[in-house]
Amino acid sequence: MNRREVFGAVALGAGLGLATQASAQAPAAAGIPANNSRLAKILERGVLRVGTTGDFNPMSFRDTATNSYQGYDIEAVTALAADLKVEIEWVTAEWATITTGITADRFDIFSGASVSVARARVAAFSIPYTEAGTVPLGLASAAERFHSWDSINASGVRVAVSQGTVFEDQARQHFPDATIQAVQLPATGFQEVLSGRADVTITSNVEAATLVAKYPELKILVSSAELRNKRPFAYVLDQNDPVWLNFINTWVSLRRIEGFYAALDAKWLGRA
């Protein structure tokens with residue numbers, strides 16, 4: 001039995017059989033009848049509705065040549081639909097209305113977002129599938145000099161960050177001995193590095209991966225194991241549907257163990 005057959009069997013069992021038994025035993029805990037779970041409805045209609053913004057390169061963005069969604073999260077949920085043996089319907093979403101889209105039943109799953117307490121009040125998060133965090137970014141030619149966070153925290157090292165951002169606060173925390181250059185828009189930290197006016201900038205590993213792909217003279221100066229200010233990324237789901245949440249958690253667990261997400265990390269986020 002191949003992977004798609006395995007996941008199809010798991011989905012059918014969870015959505016149409018095992019979940020019904022669990023719901024009958026504890027209907028109050030389940031919150032909804034099992035035959036009304038998103039999983040059962042997805043399998044019945046043969047379509048997985050995926051909310052995504054298309055503005056978060058390299059996680060979810062539009063390819064202007066084909067006008068299609070591309071990216072880390074797009075590749076992952078496409079694999080999810082394939083394992084469920086259903087088609088995908090892309091639903092354009094906005095960051096401010098992610099949870100509203102779930103509760104209003106506009107889509108079954110959001111393609112991926114950083115976990116926050118505010119969102120968790122009204123929607124459920126799956127187990128995390130990857131992590132975002134802060135990384136230092138500098139010229140590839142200076143990578144040997146700035147090989148660690150500690151090597152950047154030294155007198156005479158110039159660290160450029162956008163004024164008023166969380167990265168300015170983090171730079172002052174992580175590099176008290178360096179010179180922090182808070183730049184105002186339209187200037188950016190990475191542009192200061194490219195121009196030679198700064199040695200290092202810091203940003204999220206997600207943005208850093210995009211910048212390195214666009215500017216090959218730039219390099220992420222530490223390994224993925226050295227991310228700081230970490231925050232998990234997970235799928236956003238209906239908090240009143242434990243059957244669907246359980247299936248997604250099972251799927252993510254199996255896919256992580258087999259290395260699927262590690263491969264996406266390497267492909268889209270440049271992690272070794």
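Four elements each give at least two residues to the lining: strand β9 (158–162), helix α9 (189–195), strand β11 (200–204) and helix α10 (205–214). Which of them gives the largest share? That is β11, with three residues. The lining includes V161 and S162, then T165 and F167, then T188, G189 and F190. By class, that makes five nonpolar, six polar and one charged. The volume of this pocket is about 160 Å³.

Now the chain as a whole. There are 272 residues, and 47% of them count as buried. The secondary structure comes to twelve helices and 13 strands. Taking contacts with a separation of 6 or more, 70% are between residues 24 or more positions apart.

Is T52 buried or exposed? Its relative accessibility is 0%, so T52 counts as buried. Leaving out residues up to four places away in sequence, T52 touches S60, Y69, I74, W90, V91, T92, A93, F110 and S111. T52 and A113 are 61 residues apart along the chain, and their C-alpha atoms are separated by 9.6 Å.

Next, helix α12, residues 260–269. The buried residues there are F260, Y261, L264, D265, W268 and L269. Why do they fall on the same side of α12? Because they cover an arc of only 140° around the axis. Just after α12 comes G270, with a positive phi of about 70°.

Last, confidence. The mean pLDDT of the chain is 88, and 87% of the residues reach 70 or more. Confidence is highest in helix α4 (residues 72–84), at a mean of 98, and lowest in helix α2 (residues 27–30), at 40. Over residues 15–33 the pLDDT is below 50, and this stretch has 23 contacts in the model beyond near neighbours in sequence. Where pLDDT is low, the predicted coordinates should not be read in detail. That's the end of my part.

Note on methods:
Residues numbered from 1 in each chain as written. Predicted model: local features only at pLDDT ≥ 70, side-chain atom pairs only at ≥ 80, totals over all residues. Heavy atoms only, no water. pLDDT = per-residue confidence, 0-100. Contact = heavy atoms within 4.5 Å. Buried < 20%, exposed > 50% of the residue type's maximum accessible area, 1.4 Å probe, protein only. Arc of directions from axis to C-beta. 1 Å grid on protein atoms, 1.4 Å probe; cavity = no way out; pocket = protein on both sides within 12 Å on 5 of 7 lines; lining within 4 Å. Points joined across faces, edges and corners; volume = space filled by probe spheres on them. Nonpolar A, V, L, I, M, F, W, Y, C, P; charged D, E, K, R; others polar.
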